[in-house]
Amino acid sequence: AAAIAAANARDAADQEKKDAAAQKVQNFMRQSHAKGTVRRLSLDREAQREFERKQEEKQEDCSVIVQQFSRAYLANLRTKYKQMSVPVRKLQAAARGLVSCRVVRAKAIQWILGEPTRKQVAAAVTIQCAYRSYNARFEREW
């Protein structure tokens, strides 16, 4: 019985040693796995940052290109408008000159011939109305 108890005690001690060794191996494996996961995650994070940085650079490059094209398009429109507007401006100036000459000529003719202006016509109508009403009252009293 004592031999069995001693054998059981040895088996129990051996089992504890095996369990302790297994725990050490498991701890080592868990640490190794955790370190590998951390390393992989940090690499993934760095790769993600690099990817995001490259995307931002691409977006910046694209926005610069769009701005260049829009500025070139607007500049092209401005030059076309200026080229088209030169003859138009010349025609407008000529037309304004003709109109102003006609107005000046018309006023000069009115002044020379003595043609009445609108104000003069309105004043004449007012005077005629006043005279006719005076004349009608005068004749009625006679």
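1. How many residues apart do Arg53 and Glu50 lie in helix H1? They are 3 residues apart, about one turn of the helix. Helices here are DSSP runs of H or I with at least four residues, numbered from the N terminus.

2. A note on basis. This is a predicted model, where local features need pLDDT of at least 70, side-chain atom pairs count only at pLDDT 80 or more, and totals for chains, interfaces and linings use all residues. Residues are numbered from 1 along each chain as its sequence is written, and side-chain values use heavy atoms, with hydrogens and water left out.

3. The structure holds 2 salt bridges. The criterion is a side-chain nitrogen of Lys or Arg within 4 Å of a carboxyl oxygen of Asp or Glu. Arg53 pairs with Glu50, with the closest N and O atoms 2.3 Å apart. Arg53 also meets Glu57, at 2.4 Å from N to O. Arg53 and Glu57 are 4 residues apart in helix H1, about one helical turn. Shared partners join Glu50, Arg53 and Glu57 into one network.

4. Glu50 is partly exposed at 32%, and Glu57 at 40%. Partly exposed lies between buried (under 20%) and exposed (over 50%), using a 1.4 Å probe and protein chains only.

5. Val25, Phe28 and Met29 form a nonpolar surface patch, with about 330 Å² of accessible area together. Such a patch takes residues with over 30% relative accessible area and no salt bridge, nonpolar side chains being joined within 5 Å. Areas come from the Shrake-Rupley method with a 1.4 Å probe. Met29 sits in helix H1, residues 2-113.

Technical notes:
Patches are made of residues with over 30% relative accessible area and no salt bridge: like charges are joined within 9 Å, nonpolar side chains (Val, Leu, Ile, Met, Phe, Trp, Tyr) within 5 Å. Helices (H or I, at least four residues) and strands (E, at least two) are DSSP runs, numbered from the N terminus.
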